[in-house]
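Please work through the exercises below with the sequence and the structure at hand. Each task is followed by a solution in steps.

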Number of protein chains: 4
Amino acid sequence: MSAQLRVAMIGHGFMGAAHSVGWRQAPAAFDLPIHPRMSVIVGRDAEKTASAADRWGWAEHATDWRAVIERDDIDVVDIVTPGDTHSEIAIAALAAGKHVLCEKPLANSVAEAEAMADAARDAATRGIRAMVGFTYRRVPAVTLMRDMIASGSIGSIRQVHASYRQDWLADADAPMTWRLDKDRAGSGALGDIGAHAIDLTQFVTGLGVAEVSGVLETIVHERPLLGESSGLGGTAGTGRGRVTVDDLALFTGRLSSGALASFEATRFATGRKNALEIEVSGDAGALHWNLEDLNALQFDDESAEPGRRGFTRILVTEPEHPYLSGWWPAGHMLGYEHGFSHQVKDLVEAISAGSDPHPTFAEGLSVQRVLDAVERSSAAGSTWTTV
Amino acid sequence: MSAQLRVAMIGHGFMGAAHSVGWRQAPAAFDLPIHPRMSVIVGRDAEKTASAADRWGWAEHATDWRAVIERDDIDVVDIVTPGDTHSEIAIAALAAGKHVLCEKPLANSVAEAEAMADAARDAATRGIRAMVGFTYRRVPAVTLMRDMIASGSIGSIRQVHASYRQDWLADADAPMTWRLDKDRAGSGALGDIGAHAIDLTQFVTGLGVAEVSGVLETIVHERPLLGESSGLGGTAGTGRGRVTVDDLALFTGRLSSGALASFEATRFATGRKNALEIEVSGDAGALHWNLEDLNALQFDDESAEPGRRGFTRILVTEPEHPYLSGWWPAGHMLGYEHGFSHQVKDLVEAISAGSDPHPTFAEGLSVQRVLDAVERSSAAGSTWTTV
Amino acid sequence: MSAQLRVAMIGHGFMGAAHSVGWRQAPAAFDLPIHPRMSVIVGRDAEKTASAADRWGWAEHATDWRAVIERDDIDVVDIVTPGDTHSEIAIAALAAGKHVLCEKPLANSVAEAEAMADAARDAATRGIRAMVGFTYRRVPAVTLMRDMIASGSIGSIRQVHASYRQDWLADADAPMTWRLDKDRAGSGALGDIGAHAIDLTQFVTGLGVAEVSGVLETIVHERPLLGESSGLGGTAGTGRGRVTVDDLALFTGRLSSGALASFEATRFATGRKNALEIEVSGDAGALHWNLEDLNALQFDDESAEPGRRGFTRILVTEPEHPYLSGWWPAGHMLGYEHGFSHQVKDLVEAISAGSDPHPTFAEGLSVQRVLDAVERSSAAGSTWTTV
Amino acid sequence: MSAQLRVAMIGHGFMGAAHSVGWRQAPAAFDLPIHPRMSVIVGRDAEKTASAADRWGWAEHATDWRAVIERDDIDVVDIVTPGDTHSEIAIAALAAGKHVLCEKPLANSVAEAEAMADAARDAATRGIRAMVGFTYRRVPAVTLMRDMIASGSIGSIRQVHASYRQDWLADADAPMTWRLDKDRAGSGALGDIGAHAIDLTQFVTGLGVAEVSGVLETIVHERPLLGESSGLGGTAGTGRGRVTVDDLALFTGRLSSGALASFEATRFATGRKNALEIEVSGDAGALHWNLEDLNALQFDDESAEPGRRGFTRILVTEPEHPYLSGWWPAGHMLGYEHGFSHQVKDLVEAISAGSDPHPTFAEGLSVQRVLDAVERSSAAGSTWTTV
């Protein structure tokens, strides 16, 4: 390995922009042991890829990902394509001896995810690292939540709520996108955003989801076909298409400790723009976080004096807090994309240290298995289904 | 009927205090068509009942409820005893030609509740009125929520969340009370507080819960026996008792319109003191209310100009708002107990007008049926169960 | 003195309704050492007074306050008339040997207030008590704030903010009322609501306001004359009148400890219905309260572990909290009017104990002196003016 | 001018890091008409400057700012040094024909600021642009606030509150830094953070501050000398130093329209980390923003239906909102540093368009004049002082 980490990124959509911020910003914010270099960006459309390279600061651009992952001057492959391609690219890249960062969800099916986890386990024996991109773990307030639970701040966990609510499909005339097509997206709200709720739960509690009972629901069954895309959606074209994924997922999970957790993923919660929320209730306190108030962690400490208890809004922007050493003085808020810089930091440090970065592909697979169990439970009348 | 409504209240616990506030305050706040008179309070313990009479302003006290409900000088019987006695007293009072206000839950079983609803339906033909005490309907913010949904402010309902979270049992050493004994209480969190979440959902949406899938959980199975009671709990005595009710209920309901609703009732949500919350998401907006911010209603109006949308915190303390004519200038907050005055107002007006007050016993029964279906679904591995 | 406290209330406006709640509710909520009896309500308009008596539960009504305060069967005189009459009634009542509760502000001028404080001091030597009605002191969250500051929870006080913001005059077509007429009201926002901000500051900090620099401003100089009154305002009649009081008061005070406090009183803060707010910043923490979230006290504890600090939202509805023993289980919210019950409790207990209830007339006078100093400072170009 | 804008940045402290983010990120987020190039970073300490260059992505580093501003291959000079050097560097850079971006405050004295504004006016005639770095104007929620006020959303302005509250000096043992030394910093809380409150007020209202009455206060007069610096503060060394600036500034301003505005700047508001807040109350509504909830704008719309009014929390992360086109889908939060990218965007676009970017040096001077007037008013016993 060179003194630099030479990165190739496959894909150039919205997630490509976000990952590029991470590669660009992390070395400026943190003292990294190896300097990442934004070497090549790869996409099928040469012109769009060239434009993305220019804009986001990638030195080269290319259209053939297979050729790129074979190049000797590439150390890391960062995959930001839709989920149906993750498996093939990641396995090939690992086989080619490249470290891999793969955007979530790990894959569109458990079978693919299992193959990827196997490949990653095998690669690890050769010193090759693999990581899946659940960046919300790296919002400082979320990392702090995990740390506090691990150190006993809320005692023994009694119950968990995790939900991810958006409303960008609430308008029945919002057009079809690839995210509403089961063949491309694997699932709907469940896999796209519910996966975050599951990963966060497993991350902050340190517990697995062992069995689930749930229901998936499509609320709007038919939509105008897409004209021009923008953001997560776009404008309506002519003709109508069939929504083949879930709009709403409601499920209950039993954690490995026996505690119950309730989950929700929806794109129909009017007025909720990006409300990823998690609350963990223990016998000694509780913690709550909401992405729409990204920098704050709410902490109820039952060891506080009686009559002085309640939720404390901790602004997680202090020097003591995770990742904050790289940023600004107290109270200077961070945003969504900082998680991508923290992801790069943790990946680069793990590669340098020769240790496995988290979340591993095995962790990504465990989320995939929960998603799969929810689909099976829903199909079986919400009966409890082992993950 | 006399020009006064002479009231007998059976019971003298915490709910007796709250109902007494209603009887005492409503005539001062509102122009009632008939003046209620606090005639008799009835309890098994003569001394405690006498003391309650003196303190709360009841003219007389008595120990034999059967004798009281036969008195000619009683027009209304207000029942605030534990749920296992509701059925017998209410049916007898209706048979004796008295209007009945019965605290929720209507009964401890569907069979009892059915008998009560039958008795009420029969009594109505004789001009006798029956009402069940879901007072949270009468918090002005909740009534406004119902009115806004009915008038189309949020369009067609897509999904509902309703939860009631408390934490007074989070301490595993909190002692046993009658509320933890299935024989006395019927059920635990489900019937005690989950019933409110169900009633609110049916009230604000105007929809019934048609089928459910859910799970009931006892988190702490054994507790110290009660020494001396205070508030909802008390101090620990000697010996230990078995908790025979649920501590946590998580369930999903399908409403009569087909929309899904998620429900939770828990006494283990650390830091949540009395968080009865409901959010209704429609295709044109959403409404949210939380008892811990009792006077505020949150309204997302998707008909507002793009870029100007979000949740508006409406302080429901203005002259335009339900029940506010009786109270203070704008912004002068109301509390928990005002719902009891509003309940008296609505009951007295219905009696005067010769119409049925809401919630009727039939509405109380419908909640009971949902509770029962949740218990059956939980026992059957969370399969969907018809209400 | 009889075993009962026989009360006469002079006045029957909005504050009469609120005081009546206090007299009616306090004995039901608390074990009072003497039972207050709502004996007589007095007003100039016989018909309206009779109606108020009937509605609010006063045994008798009368039109001649002088005659009533001379009655042997009256122990307490409660004054809820406009401020220009407080002095005469209170001094006469004290001279007649009656305990006096006088609604705030104590008077419309310092001279009147001084005479009242002198009369109260003299009466106290004869065992006669006098109290001024700053009821916001008795909101449990505010009382807790005072207790916490006194016990050192926030250390040494560095600065204070106190403001009272309403918006009921923001509409330039809202009509004239007596509150906008300097002859009747004494002052505008300053005396009506700024007085509360001053009293709260002095109460919770235990410090006096020693000197002030400020400005008074009339924003809308002319308004329609009042047609019919309702709430704090009413509907417009014909003709226009001149506003002779301040709409907005902004001032800085130096406390007796040397710390600075900023104050605001306004009726033009659009969207703020009844936002009485106070924040006290110490060297070991801070406390914040806002009437629009009446049951919550926000507490920043700098002795908490670094990285765990922030404002804790204490829901002041627990058994440990001031006055809560009389009310409901944890989390059952109180409202505006509970302060009036607490006022009655404290007054009755002080009379029974033979001690001076707070706030004394001397404390009321101290507020009046601050108001006066603000007016003088404003007239003198905002120069610092000794209180 | 070349097709690129070649930038030299003078200074390498905390603000240098923030400005570097802007230069690095803006071209990736926005389609800029000219591409900025991070050419040279300049600092007195060669080693530290080299390290900053490496870390933040500047192509070269240098120690002699005078030499750098004379280079032909530099187009823009970005000044992020302490305020006492702004004037000399900016005037020299403008004279050398370079566009200048100068961090706020423009200077430490009105005289310096006037010279700078003169130089900028003169340079503008030669097509050279100058801009002062009040980046909070470019938080999307703040820009939206300005746009909404300009378009009449809240009607005619009646009053304004603007405050900037921090607590990093609340600990009396926090050490001296250059920010507490009047010779280096010019003033304390007033100039450092109060300047932001003044600029925001003038920006969002479009009104100037015409006269002021205020008081400056030093709360802790002596502190330990600085050992090692970190963030805004550092660890204590040996010996003690005298604080020569204000810790707290409280002042009232009269705007050019006649409306009153209240201002506060403090570093002693315990629990407030970075609470820059502004509320503007108009006769048709109000707007409120707080940096600690950076992405949200609170809007009270008095044209909404009665009974439906209140503050709406607009999450300013939608495609319709200012600057959002460059970033993420709805609800994906931005942070503090995004303002620096927006600043670069606006500066580059203005240079390209040949127009003056805002805030101009004249606008920076106007803030300086307000600061100066506050100091004079404070020295003169808070009398009203013309700006």
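The exercises that follow treat chain contacts, symmetry, domains, a helix pair and a sheet.

The model is a predicted one, in which local features need pLDDT of at least 70 and side-chain atom pairs count only at pLDDT 80 or more, while totals for chains, interfaces and linings use all residues. Residues are numbered from 1 along each chain as its sequence is written, and chains are lettered from A and ligands numbered from 1 in the order in which they are written.

**Exercise 1. Describe the contact of chain A with chain C.**

Step 1. Apply the criterion: two residues are in contact if their C-beta atoms, placed from the backbone, lie within 7 Å. On this basis, 14 residues of chain A are in contact with 14 residues of chain C.

Step 2. Locate the main contributor. Strand S16 (residues 311-315) of chain A supplies the largest share of this side, 5 residues. Helices (H or I, at least four residues) and strands (E, at least two) are DSSP runs, numbered from the N terminus.

Step 3. Sort the side of chain A by class: 5 residues are nonpolar, 4 polar and 5 charged. Here Ala, Val, Leu, Ile, Met, Phe, Trp, Tyr, Cys and Pro count as nonpolar, Asp, Glu, Lys and Arg as charged, and the others, Gly among them, as polar.

Step 4. Examine the strands. S16(A) and strand S16 (residues 311-315) of chain C run antiparallel and are joined by 3 bridges; two strands pair if DSSP finds at least two bridges between them. Arg313(A) has Phe311(C) as its bridge partner in S16(C).

**Exercise 2. Determine by what turn and shift chain A can be laid on chain C.**

Step 1. Superpose the copies by least squares on the C-alpha atoms of residues with pLDDT of at least 70 in both.

Step 2. Find the C-alpha of chain A nearest the axis: that of Thr312(A), 1.9 Å from it.

Step 3. Compare the surfaces. The same surface serves both copies, as 100% of the contact residues of chain A recur in chain C.

**Exercise 3. State the domains of chain A and describe their contact.**

Step 1. Read the bounds, which come from an automatic or database domain assignment: domain 1 (4-135) and domain 2 (140-293 + 295-334 + 367-379).

Step 2. Note that the C-alpha centres of these two domains of chain A lie 25 Å apart.

Step 3. Count the residues in the contact: 14 from domain 1 of chain A and 14 from domain 2 of chain A. The side of domain 1 has 9 nonpolar, 3 polar and 2 charged residues.

**Exercise 4. Classify the packing of helices H6 and H8 of chain D.**

Step 1. Take the geometry: helix H6 (residues 140-150) and helix H8 (residues 189-205) of chain D pack at an angle of about 40°, with their axes 7 Å apart. Axes are lines fitted to C-alpha atoms, for helices over the stretch in contact, and angles run from 0 to 180 degrees between N-to-C directions.

Step 2. Classify the angle. H6(D) is therefore oblique to H8(D) (under 35 degrees is roughly parallel, over 145 roughly antiparallel, 65 to 115 roughly perpendicular, and the rest oblique).

Step 3. Name contact residues, including Met145(D) of H6(D) and Phe203(D) of H8(D). The contact divides into 6 nonpolar, 1 polar and 1 charged.

**Exercise 5. Identify the edge strands of the open sheet in chain D.**

Step 1. Write the order of the 6 strands, S3-S2-S1-S4-S5-S6, with parallel pairing.

Step 2. Strands S3 (60-62) and S6 (130-133) of chain D each have a single partner strand, so they stand at the edges.
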